[in-house]
Amino acid sequence: MNSQLIDYTLHLADTTLILSQRNSEWCGHGPVLEQDIAITNISLDLLGQSRNFYQYAAQLIGDSDENKLAYLRKEREFKNLLLVEQANGDWGQTILRQYLFSQFQYLLFEQLQNGNDEQLAAIAAKSIKETAYHVRWSSEWVIRLGDGTEESRNRMINAVDELWRYTGEMFIPAVYEEEMNIDFSKIKKEWENKVSIIGAVKITKPELLFDIVSEGGTGFHLFEYCAQKICIIKQYGAQIK
């Protein structure tokens, strides 16, 4: 049994499952009917991806029921990126979260579909067309809101301030990722070039005072980060937002 491959597959599955669940909270609450349907469909795409990854992880473990992995593990066993579990906030924050992740996911799937593991390659090849649509849809909204009214632009600025601290984790491989032959430095460089769209709408990336939070993939999750942040605020006061 390859424990590193199992952990990595669960990481991929958990990340897409949690983002799917977050996005699905908009079902029936989107700003207009067309976009309500769009983000619900994206949720279903992500749910389908997560099931494929869970099925493969269950196969590696030797269990035929992938549902156990999705629903019967405790919170510290989930290995999702912290970015995807952040609160929806307003529409702008939800859109930016999707955009930042989808740009990363597309670049990751490009490498995985050419990787050594045939099953992960097949899932990536099947999913990358969906992800390309997610990138296009969310990027159009980032431009629309960032170049829109003063209100929409301010909301996007607030979204960047809230979410940017979690993006670094995508490029910091956990132990189980180090053996997957993924060039994270290449992905990071290409991702940074892609997300320069944020600069195009005159939104400045925030300068962070503290280390990037980067332990979602090892079971460190939002409720624990919030507790840690409270301690930092008490220590440094007004130096941190």
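The secondary structure of this chain comes to nine helices and zero strands, where helices (H or I, at least four residues) and strands (E, at least two) are DSSP runs numbered from the N terminus. This is a predicted model, in which local features need pLDDT of at least 70 and side-chain atom pairs count only at pLDDT 80 or more, while totals for chains, interfaces and linings use all residues. Residues are numbered from 1 along each chain as its sequence is written, and side-chain values use heavy atoms, with hydrogens and water left out.

**Overall architecture**

- From the N terminus on, the elements run α-α-α-α-α-α-α-α-α.
- Of the 241 residues of the chain, 51% count as buried, a term that means under 20% relative accessible area, with exposed meaning over 50% and partly exposed lying in between (1.4 Å probe, protein chains only).
- Among contacts (heavy atoms within 4.5 Å) with a separation of 6 or more, 79% are accounted for by residues 24 or more positions apart.

**The largest nonpolar core**

- A nonpolar core is a set of buried Ala, Val, Leu, Ile, Met, Phe, Trp, Tyr and Cys residues joined through side-chain atoms within 4.5 Å; the largest one here has 65 residues, of which Tyr 8, Leu 96, Leu 100, Phe 104 and Trp 191 touch the most other members.
- Two or more residues of this core come from each of H1 (3-24), H2 (33-61), H3 (67-71), H4 (91-112), H5 (118-146), H6 (150-163), H7 (184-194) and H8 (197-200), and the largest share, 11 residues, comes from H4.
- Leaving aside residues up to four places away in sequence, Tyr 8 touches Leu 108, Leu 112, Leu 120, Tyr 176, Glu 177, Met 180 and Ile 182.

**The packing of H4 with H6**

- The axes of H4 and H6 come within 9 Å and cross at roughly 55°, the axes being lines fitted to C-alpha atoms, for helices over the stretch in contact, and angles running from 0 to 180 degrees between N-to-C directions.
- That angle makes H4 oblique to H6, because angles under 35 degrees count as roughly parallel, over 145 as roughly antiparallel, 65 to 115 as roughly perpendicular and the rest as oblique.
- In this pairing, Gly 92, Gln 93, Leu 96, Arg 97 and Leu 100 of H4 meet Met 156, Ala 159, Val 160, Glu 162 and Leu 163 of H6.

- Asn 181, in the loop between H6 and H7, has a phi near 55°, a positive value in a residue other than glycine.
- Most residues other than glycine have a negative phi.
- Asn 181 is exposed, with a relative accessible area of 62%.
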